[in-house]
Amino acid sequence: MRREDADEPDDEGLAAELTTRLHRLYGAEQRKVGFPGWSTPLAPELLPFLSHELNNYGDPYVDPMFAWHTKDLERELVETLADLFGAPAGDRWGYVTTGGSEGIMYGLWLGRTLHPNAVFYHSSAAHSSVAKAAALLDRQAVVIPTDDRGEMDYTGLYHALAKHPGRPAVVVASVGTTLTEAVDDVVRVRHALRHAGVREFYIHADAALSGIPLALRGSAAPAFGLGPEAADSVSISGHKFLGAPFPCGVVLTRAGHLSRTSRVAAYTGSPDPTIGSSRSGHAVLVLWHRLRTLGPSGLRRLAEHIRETAAYTERQLAAIGWEAWRSQPMACTVVLKTPPDEVLARWPLATVDGLSHIVCTPGVTRSQIDAFVADLHAFTQLRSSTAAAA
Ligand SMILES: *Cc1c(COP(=O)(O)O)cnc(C)c1O
């Protein structure tokens, strides 16, 4: 081969490679029921923006001198979610993150800045990024046990707090745990804090998947938002309930906390209180567009839809005699005894210690559930007939 030929761009080869990759993705999405992310097609009007830089550098409340940003939309998004989470008017702040994990990191950072001597606490069912964020902040968190469905043991929290008299506390409440979607009750966390005599504390609610659907239930759901007697910060993921096609998220807190940080310590020494600094204006655009087009009634319909799919899944699994449950009636996650490897090879499901889950995101349909249950049933029938023949 002549050198010139080797340098020729291979447009056809590249196009074929991308097509193969895309079809592999379509195929995998047919059996995407075991993870909390989903995506819905972007509106065609949004596509041209993807070819242009949109950089929401730093604080969303401070506009840059350049025009290639979406901070005005980011403020609108933060306001909409702050309303949903019950933050007092005029006392809210937040920004669009790279995901739920950055939101957790931000919450813990703010908590530590306000209470430098604090001991950190989270439950054994907390997402792994909670321990990682604590480690990045040079803290080893105290791990609190849970009940058998994954909700924090508040008596256990009380005993752990009582071992550190006089020390402030930073507590992470998991509002929808990763495996079972159990919800730690912030009111009961506060009760344990009060009971243990901890007067200085900070609570972060990690509500990555369940934050919006739960908040839409208003007073019917446990209080975890930013209202009185609730949390100090809340984080959600944007690629879970809201269906952004790339990882992103939102963190919200009280503006008052932020202004206190400048008195406590030099928070960052710059007018940029975010972790990311250069931040995706496209993530803001997509999330803002999603909230704007769904509106409150669309969000409620979506939340209702995922709960109905989860209840359906639980019933269908029960019908074939496969052990399955939900940690609480509002969960869209169905926990089941881990299926055999042959089934997992076709249907990837997150699995921990003999338990797996199906997460009924808005992208999961009843026909996918039917196909999964049929596969599981066929395999168990096959296995019991071969066992009988042996
Ligand atoms: C997904 C998840 C996270 C992490 O969020 P990312 O957006 O993936 O960074 C944290 N906590 C819980 C409970 C989650 O479900």
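## Pockets and ligand

By class, 8 nonpolar, 10 polar and 4 charged residues make up the lining of the largest pocket. The model is predicted.

**The largest pocket**

- The volume of the largest pocket is about 400 Å³.
- Its lining counts 22 residues, and those closest to the centre are A125, T178, L179, T180 and V352.
- Two elements give two or more residues each to this lining: strand 10 (351-352) and strand 11 (355-359).

**The second largest pocket**

- The second largest pocket holds about 260 Å³ of space.
- It is lined by 20 residues, with H127, T178, A208, S237 and K240 closest to its centre.
- Sorted by class, the lining of the second largest pocket has 5 nonpolar, 12 polar and 3 charged residues.
- Helix 4 and strand 11 each give at least two residues to the lining of the second largest pocket.
- Helix 4 has the largest share of that lining, with 3 residues.

**The shell around the ligand**

- Which residues surround the ligand? They are G99, G100, S101, I104, H127, G176, T178, D206, A208, S237, H239 and K240.
- By class, this shell contains 2 nonpolar, 8 polar and 2 charged residues.

**Polar contacts and burial**

- G100 uses its backbone: a polar atom there is 2.7 Å from an oxygen atom of the ligand.
- K240 uses its side chain: an N or O atom there lies 2.9 Å from an oxygen atom of the ligand.
- H239 also has a polar side-chain atom by the ligand, 3.4 Å from one of the ligand's oxygen atoms.
- How much of the ligand does the protein bury? Taken alone, the ligand exposes 380 Å², and the protein buries 87% of that.

Notes. Residues are numbered from 1 along each chain as its sequence is written. This is a predicted model: local features need pLDDT of at least 70, side-chain atom pairs count only at pLDDT 80 or more; totals for chains, interfaces and linings use all residues. Side-chain values use heavy atoms; hydrogens and water are left out. A residue is near a molecule or strand if one of its heavy atoms lies within 4 Å of it. A polar contact is a pair of N or O atoms within 3.5 Å; within protein, one must be able to donate a hydrogen and the other to accept it, and residues adjacent in sequence count only if both atoms are side-chain atoms. Accessible areas come from the Shrake-Rupley method with a 1.4 Å probe; for residues, only the protein chains shown count as cover. Ala, Val, Leu, Ile, Met, Phe, Trp, Tyr, Cys and Pro count as nonpolar, Asp, Glu, Lys and Arg as charged, and the others, Gly among them, as polar. On a 1 Å grid over the protein atoms alone, a cavity is a set of points where a 1.4 Å probe fits but cannot get out, and a pocket is an open set with protein on both sides within 12 Å along at least five of seven lines; lining residues have an atom within 4 Å of a point. Grid points are joined across faces, edges and corners, and a volume is the space filled by probe spheres set on the points. Helices (H or I, at least four residues) and strands (E, at least two) are DSSP runs, numbered from the N terminus.
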